[in-house]
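Dear colleague,

Please find the structure below. My notes on it follow, and I should be grateful if you would read them with the model open.

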Amino acid sequence: MAEAPQEHPLALERVGAVARLRLDRPALHNAFDSGLISALTAALDRLAYDPEVRVVVLEGSGASFSAGADLNWMRGMASASETENRDDALALARLMRTLDELPKPTIARVQGAAFGGGVGLVACCDIAIGVPEAKFGLTESKLGLLPAVISPYVIAAIGTREARRWFATGEIFDAATALRIGLLHAVVEADALDVAIERQIALLLKAGPVAAARAKQLVARVAATADRDRADRDNADLIARLRVSPEGQEGLSAFLDKRTPRWVED
């Protein structure tokens with residue numbers, strides 16, 4: 001099925017346990033404006049609480065993944081007040097956090113260019129696969145701005161040293177560089193992109209649904225914890241809960257019985 005306000009196209013397709021969210025403004029290179037940000041946030045909020053959805057794929061229509069901010073939107077915000085700009089930025093921040101913390105594994109299918117906020121979307125996804133022709137840029141400095149709202153997610157993906165370079169220069173970089181610095185996990189030819197995405201989906205669907213959903217929460221918590229004793233206690237509590245949970249019991253039983261877990265059979 002497809003759900004989206006016509007003026008800010010966003011297509012949602014469900015196939016079994018997989019939801020595909022497609023930015024569908026190809027004539028505008030899937031650029032953001034306030035309506036698209038709102039629509040994408042709302043769609044992610046719905047998917048977060050949909051028990052039938054186990055994997056979310058984020059993709060774009062046409063030649064680009066997402067060119068970042070829509071020019072008309074930027075023109076309007078340039079004449080808006082500081083308070084209006086702050087509210088607008090907070091809406092984008094909510095979108096990025098919603099995607100980053102979505103309790104479902106997420107895959108970015110990067111078939112073309114990603115700039116500005118588009119890079120933020122890629123960085124927020126758990127897995128990102130692109131084609132060699134894809135280009136990337138955090139070009140805000142060329143406008144006297146900075147990628148402030150998306151910075152936590154981009155820095156987490158590429159590290160502080162790389163971020164200092166790309167944030168300051170606004171330089172365009174290619175898919176090979178995106179792979180090297182950690183923005184992409186893999187680069188494949190265009191005719192192999194869907195196969196690569198399907199392989200990741202298959203791997204995620206073989207994992208326990210609760211385990212796959214909580215993996216990012218574990219990583220985020222461990223990365224943010226300076227107290228190693230606290231981390232040890234929290235991690236011991238987590239694995240203990242998982243081992244005695246219905247999913248953990250089923251996974252262990254299936255392994256010992258040399259059979260497929262029920263969640264894969266379903």
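Two parts are said to be in contact when they have heavy atoms within 4.5 Å. Helices (H or I, at least four residues) and strands (E, at least two) are DSSP runs, numbered from the N terminus. This is a predicted model, in which local features need pLDDT of at least 70 and side-chain atom pairs count only at pLDDT 80 or more, while totals for chains, interfaces and linings use all residues. Residues are numbered from 1 along each chain as its sequence is written, and side-chain values use heavy atoms, with hydrogens and water left out.

Helices α5 and α6

With contact defined in this way, Ser151, Val154, Ile155 and Ile158 of α5 meet Thr160, Glu162, Ala163, Trp166 and Phe167 of α6. Sorted by class, this contact has six nonpolar, two polar and one charged residues. Here Ala, Val, Leu, Ile, Met, Phe, Trp, Tyr, Cys and Pro count as nonpolar, Asp, Glu, Lys and Arg as charged, and the others, Gly among them, as polar. Helix α5 covers residues 151-158 and helix α6 residues 160-169; they pack at an angle of about 125°, with their axes 7 Å apart. Axes are lines fitted to C-alpha atoms, for helices over the stretch in contact, and angles run from 0 to 180 degrees between N-to-C directions. The two helices, α5 and α6, are therefore oblique to each other. Angles under 35 degrees count as roughly parallel, over 145 as roughly antiparallel, 65 to 115 as roughly perpendicular and the rest as oblique.

Helices α3 and α4

The axes of α3 and α4 come within 8 Å and cross at roughly 25°, so α3 and α4 are roughly parallel to each other. Leu95, Met96, Leu99 and Asp100 in α3 meet Gly117, Gly120, Leu121 and Cys124 in α4. By class, five nonpolar, two polar and one charged residues make up the contact of α3 with α4.

Helix α1

Helix α1 (residues 34-48) has 15 residues, which at 1.5 Å a residue should span 21 Å; its end C-alpha atoms are 21 Å apart, which agrees. The expected span is 1.5 Å times one less than the number of residues. Among the buried residues of α1 are Leu36, Ile37, Leu40, Leu44 and Leu47. Buried means under 20% relative accessible area, exposed over 50%, and partly exposed in between (1.4 Å probe, protein chains only). The buried residues of α1 are covered by elements including β1 (10-15), β2 (18-23), β3 (55-60) and α2 (71-78).

Individual residues

Ile181 belongs to helix α7 (residues 175-181) and is buried, with a relative accessible area of 6%. Leaving aside neighbours within four places in sequence, Ile181 is in contact with Ala157, Ile158, Glu162, Trp166 and Phe173.

Val187 lies in strand β10 (residues 186-187) and counts as partly exposed, at 29% relative accessibility. Beyond its neighbours within four places in sequence, Val187 touches Gly130, Val131, Pro132, Ala175 and Leu179.

Most residues other than glycine have a negative phi. Asn30 is not a glycine, yet has a positive phi of about 55°. Asn30 lies in the loop between β2 and α1 and counts as buried, at 0% relative accessibility. Lys258 also has a positive phi of about 55° although it is not a glycine. Lys258 is found in the loop between α11 (246-257) and α12 (262-265) and is exposed, with a relative accessible area of 78%.

Yours sincerely
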